[in-house]
Amino acid sequence: MLKWLLHRNTRGFASRYSYDATYMHEMADASPAAFVRFGIMQSAGGNWRGGAPANAWFASGIAGALFEDCGPCVQIASDIAMEQGMPGEIIKALLSGVPTDADAQLGFDYGRALLGGAENLEDLREIIETKWGKTALLALSLRAMTARNFPVLKRAMGHAKTCQRVRIGNTDVTVNPTLKAA
């Protein structure tokens, strides 16, 4: 029964976002317990906004996915952000490396700096904590950290072989290659 539910929910997710969720189905078949634990980890860390401004929070998640991914997970992070009201123009700018909305840019830059151990991490951390508080800093951190988990799991299961362009609205966005980790 649990496997059936996991597969049903995964099919819904895959359909909603036009996403190849083969690796998630494989995980459900191999270990429903692992699948559930992964889901709990993602929900517990990645779905809590902690008072962070929405655009900063979503941007931190997009940065987390971008750090590890070649398109599909960045696409989902972007789609979810737009579903929740983040303007597509802001996402296009972030992915293109063009300065944009200050809150979104700060969240994006922080997510990338956090995951990459960048030299400006301490400065960004201090700006965020001063501007929005420690709780928001923690929320942005958890969002960036958990956003990278899907691409890492895909890679672990041998499914991170497909690159794709990110599409925001009706426009393909060329991701600035200097924004990628690898």
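**Ground rules.** I am working with a predicted model, where local features need pLDDT of at least 70, side-chain atom pairs count only at pLDDT 80 or more, and totals for chains, interfaces and linings use all residues. I number residues from 1 along each chain as its sequence is written, and side-chain values use heavy atoms, with hydrogens and water left out.

Next I asked which residues of H9 are buried. I found Ala136, Leu137, Ala139, Leu140, Ser141, Arg143, Ala144, Thr146 and Ala147. For burial I use under 20% relative accessible area, with exposed over 50% and partly exposed in between (1.4 Å probe, protein chains only). The cover over these buried residues includes H3 (32-46), H4 (54-68), H5 (72-83), H7 (102-116), H8 (121-132) and H10 (149-156).

**Entry: Glu68.** I looked up this residue in helix H4. Glu68 counts as buried because its relative accessibility is 16%. Its side chain makes a polar contact of 2.4 Å with the side chain of Arg148. By polar contact I mean a pair of N or O atoms within 3.5 Å; within protein, one must be able to donate a hydrogen and the other to accept it, and residues adjacent in sequence count only if both atoms are side-chain atoms. Setting aside neighbours within four places in sequence, I see Glu68 in contact (heavy atoms within 4.5 Å) with Arg148, Pro151, Val152, Arg155 and Lys180.

**Entry: Lys92.** Here is another charged side chain to look at, this time in helix H6, residues 88-96. Lys92 is buried, at 17% relative accessible area. Its side chain has a polar contact of 3.0 Å with the side chain of Glu89. Not counting residues up to four places away in sequence, Lys92 touches Ile168, Thr171 and Val173.

**Entry: Thr10.** I moved to helix H1, where Thr10 is found. Is Thr10 buried or exposed? Thr10 is buried, with a relative accessible area of 3%. A polar atom of its side chain lies 2.7 Å from the backbone oxygen of Leu6. Beyond four places in sequence, I list Ala21, Met24, His25 and Phe35 as contacts of Thr10. Ala21 is 11 residues away along the chain, and the two C-alpha atoms are separated by 7.0 Å.

**Entry: Val74.** This residue sits in helix H5 and is buried, at 1% relative accessible area. Leaving out neighbours within four places, I have Val74 in contact with Ile62, Ala65, Leu66, Asp69, Leu95 and Val166.

**Entry: the largest pocket.** I noted about 640 Å³ of space in it. Of its 25 lining residues, Phe13, Gln42, Asn47, Ile80 and Phe150 are the closest to its centre. H1 (2-17), H2 (22-30), H3, H4, H5 and H9 each give two or more residues to the lining, and H3 supplies the largest share, 6 residues. I count 15 nonpolar, 9 polar and 1 charged residues by class; Ala, Val, Leu, Ile, Met, Phe, Trp, Tyr, Cys and Pro are nonpolar, Asp, Glu, Lys and Arg charged, and the others, Gly among them, polar. A pocket is an open set of points on a 1 Å grid over the protein atoms alone, where a 1.4 Å probe fits, with protein on both sides within 12 Å along at least five of seven lines; lining residues have an atom within 4 Å of a point. Grid points are joined across faces, edges and corners, and the volume is the space filled by probe spheres set on the points.

Terms used. Helices (H or I, at least four residues) and strands (E, at least two) are DSSP runs, numbered from the N terminus.
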